[in-house]
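Grab a pencil and work through these exercises with the structure open beside you. Try each task yourself, then check the solution.

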Amino acid sequence: ELAEFTGLLSGACADLARQLQQDAEGASKAIAIEVTGAASETDAVTVGRAIARCSLLKCALHGEDPNWGRVLAAVGTTSAVFEPDQLHVAINGVWVCRGGFAAADRAEVDLKPRDVTITVDLSAGQHAATVLTTDLTAEYVYENSAYST
């Protein structure tokens, strides 16, 4: 059955992606960026990738700083459909930003575990996507600068 094959293939690919994330050289955090409420799947992926590529956020997460402002800054670099006063951000389940403003106390966010989940609700539609990344550590920089190619 096509549906069963698609499910099995998708599951295998997700497992391989997670293994790559867990084995990332020098990384100390495995980060899942869940974008919900997007106007399109393209918007959800675009926002997730922009957040995943934000070096300042990746460094902050390594330092266990739940800097949701850096999440919003990354969202703002995209052409995704959203209204700034309708953005919501949770880090490890704590809604630190509601309606574009500070919500729960950042101190409530526990960033000690290796797994970190950032949830961004764009409040613009029904589409969603998850993008995986890692933090940016001094070890990662060393490993990737200690040799020439």
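**Exercise 1.** In which sense do strand β1 and strand β5 pair, parallel or antiparallel, and over how many bridges?

*Solution.* Keep in mind that this is a predicted model.
- Start by finding the two strands: β1 covers residues 30-38, and β5 covers residues 115-121.
- Now follow their directions: the pairing is parallel, and it runs over seven bridges.
- For a spot check, look across from Val 35, and you'll find Val 120 of β5.

**Exercise 2.** Work out how strand β2 pairs with β5, and find the bridge partner of His 88.

*Solution.* 
- Locate β2 at residues 88-91.
- Its pairing with β5 is antiparallel, with four bridges.
- Then take His 88: its bridge partner in β5 is Asp 121.

**Exercise 3.** Decide whether Leu 111 is buried or exposed, and list its contacts beyond the neighbours within four places in sequence.

*Solution.* 
- Find Leu 111 in the loop that links β4 (101-102) and β5.
- Its relative accessibility is 3%, and buried means under 20%, so Leu 111 counts as buried.
- With those sequence neighbours set aside, Leu 111 touches Lys 29, Leu 61, Glu 64, Asp 65, Pro 66, Ile 91, Asn 92 and Val 116.

**Exercise 4.** Is Phe 5 buried or exposed, and which residues form a nonpolar surface patch with Phe 5?

*Solution.* 
- Go to helix α1 (residues 2-22), where Phe 5 sits.
- The cut-off for exposed is over 50%, and Phe 5 has a relative accessible area of 51%, so Phe 5 is exposed.

Methods:
Residues numbered from 1 in each chain as written. Predicted model: local features only at pLDDT ≥ 70, side-chain atom pairs only at ≥ 80, totals over all residues. Heavy atoms only, no water. Buried < 20%, exposed > 50% of the residue type's maximum accessible area, 1.4 Å probe, protein only. Pairing = 2+ DSSP bridges. Contact = heavy atoms within 4.5 Å.
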